Amino acid sequence: MSLTISRAHVDAIVEQSRAEYPDECCGVILGPIGKGSPERIKPMINAAHSPTFYEFDPKDLLALYREVDDNDEEIVVIYHSHTETEAFPSRTDIAYAGEPGAHYVLVSSRKEIAPAIEFRSFRIIDGVVTEEEVSITD
Amino acid sequence: MSIDVRIPTILRPFTKDQKAVTATGTTLSAVISDLDAQYPGIGDRLLENGALRRFINIYVNDEDVRFLGSLEAPVKDGDSVTILPAVAGG
């Protein structure tokens, strides 16, 4: 298992996490159905506006799934940021993880490692977290 | 009396991988009971202690059922019910 992602997408996620700090940021990367490749990034609003929680607004969520269906796409990556803790799924992340086919990407900009950023990817299936390798392409 | 129900990926193991199924009922609660009768176990993934699970969003047509009376939300022939897992975490 691994995630191949472009440098531009990584940079966009890191940039969004900085822009929305100290709140958590979130979003998805979509790709053509069945291909498993993340191609179209779509930043989402964190309806919780919180440093410790993120949630897609239920209306935005429905619109997202309709758009994905209409375009014959799938959600390849679901990303969010942690602002004070490491880039590893929290208990809440695991409890909520509802897309067994998605890569769950976490970025952390916690101050212990600043200005470095942690960027990690996981599968979360039936409560089991498996980290996967991330290959960044230029 | 037929309601179209859209099933998210995570619940498709219950529906033999069908993306959409049909159910009957005049309230969301009745639709969920009918779904559970057809696809045993699915009800437990939608409800907890008799209420909608926090991790699941359900819509009647385009409206979040939390604004329509939750389990008492009325449904009628031809309506579409969409079930989606919340995308959220900490």
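**Where the chains meet**

Modeller: About 2,000 Å² is buried between chain A and chain B, and carbon and sulfur atoms give 55% of that area. Buried area here is the accessible area (1.4 Å probe) that two parts lose on being put together, summed over both. This is a predicted model: local features need pLDDT of at least 70, side-chain atom pairs count only at pLDDT 80 or more, and totals for chains, interfaces and linings use all residues. Residues are numbered from 1 along each chain as its sequence is written, chains are lettered from A and ligands numbered from 1 in the order in which they are written, and side-chain values use heavy atoms, with hydrogens and water left out.

Colleague: Which residues in chain A lose the most area to chain B?
Modeller: L61(A), L62(A) and Y96(A) do, and together they make up 31% of what that side buries.

Colleague: How many residues does each chain put into the contact?
Modeller: Chain A gives 25 residues and chain B gives 20 residues. Contact means heavy atoms within 4.5 Å.

Colleague: How many salt bridges between chain A and chain B?
Modeller: The count is 4. The rule wants a side-chain nitrogen of Lys or Arg within 4 Å of a carboxyl oxygen of Asp or Glu. One pairs R54(B) with E55(A), at 3.3 Å from N to O.

Colleague: Which parts of chain A touch chain B?
Modeller: β4 (54-55), α2 (58-70), β5 (73-82) and α3 (91-96) of chain A each supply at least two residues. Helices (H or I, at least four residues) and strands (E, at least two) are DSSP runs, numbered from the N terminus. The largest share, 7 residues, comes from α2(A).

Colleague: What about strands across the interface?
Modeller: β4(A) and strand β8 (residues 88-89) of chain B run antiparallel, joined by 2 bridges. Two strands pair if DSSP finds at least two bridges between them. Y54(A) has G89(B) as its bridge partner.

Colleague: New topic. What is the strand order of the open sheet in chain B?
Modeller: The order is β2-β1-β7-β5-β6, 5 strands with mixed pairing. β2 (20-23) and β6 (63-64) of chain B are the edge strands, each pairing on one side only.

Colleague: And how many aromatic pairs are there over all chains?
Modeller: The search finds 4. F88(A) and F122(A) have ring centres 5.2 Å apart and planes at 80 degrees, so that pair is edge-to-face. Rings of Phe, Tyr and Trp (its six-membered ring) pair if their centres lie within 6.5 Å; planes under 30 degrees apart count as stacked, over 60 as edge-to-face and the rest as tilted.
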